[in-house]
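Please open the structure in a viewer and keep the selection panel at hand.

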Amino acid sequence: MRFSKLYAPHLIEHHDPKNLETHEIIEKAGLIDYTRSGFYTILPLATMVMNKLKNKIRDLALREDFQEIELPKIQPTKFLKSSGRFCSFQKEIYRLSEEFGDLCLCPTNEEAINYLIRDKLLNRQLPLAFFQFSEVFKNNTP
């Protein structure tokens, strides 16, 4: 793709970066579109960079016999409760309304991996290493 065709709406503006916050600098670079604290649209330029990085990481991980998986973003809170980490994450967790059951947007996936393999893993499958690329959902506002 030619750079002239690239959708990067903020590249036109020039500002002194000393007076800008980090998200403003990244936005002015044409990488993101800032919606509000914690909410961003990743623009094409940043998407291309992220995809190249993911592919490099993927190649290295697969070469070392890691296996790529994708865990669900929404998981039962029982995963975190069983490990005892629900209490420590309770303020940061986004929970779904009760009509959907006891579910949350997971801040981490360690417990989900434990549930995935704990009853299905055979000794001959060890050692075992997984990796994934995923968004993190945490409520970091005070």
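Begin by selecting strand E1 (residues 32–36) together with E2: the two pair in the antiparallel sense over four bridges. Strands here are DSSP runs (E) of at least two residues and helices are runs (H or I) of at least four residues, numbered from the N terminus; two strands pair if DSSP finds at least two bridges between them. This is a predicted model, in which local features need pLDDT of at least 70 and side-chain atom pairs count only at pLDDT 80 or more, while totals for chains, interfaces and linings use all residues. Residues are numbered from 1 along each chain as its sequence is written, and side-chain values use heavy atoms, with hydrogens and water left out.

Within this pair, Arg36 has Phe39 of E2 as its bridge partner. E1 and E2 form a hairpin with two residues between them; select Gly38 in the turn, where phi is positive at about 85 degrees.

Next, select Tyr40, which is found in strand E2 (residues 39–42). Tyr40 is partly exposed, with a relative accessible area of 40% (buried means under 20%, exposed over 50%, partly exposed in between, with a 1.4 Å probe and protein chains only).

Now turn to the salt bridges, of which the structure holds two (a side-chain nitrogen of Lys or Arg within 4 Å of a carboxyl oxygen of Asp or Glu). One joins the side chains of Glu68 and Arg58 at 2.6 Å, N to O. Glu68 lies in strand E3 (residues 67–68) and Arg58 in helix H2 (residues 44–63), so the pair ties together parts that are ten residues apart in sequence. Another joins Glu70 and Lys73 at 3.8 Å; Glu70 is exposed at 65%, whereas Lys73 is partly exposed at 23%.

Move on to E4, E6 and E5, which form an open antiparallel sheet in the order E4-E6-E5. The edge strands are E4 (74–76) and E5 (94–95). Tyr94 has Leu105 in E6 as its bridge partner.

Finally, select Asn109, in the loop between E6 and helix H5 (110–117). Asn109 counts as buried, at 16% relative accessibility. Its side chain makes a polar contact of 2.7 Å with that of Gln75 (N or O atoms within 3.5 Å, one able to donate a hydrogen and the other to accept it; residues adjacent in sequence count only if both atoms are side-chain atoms).
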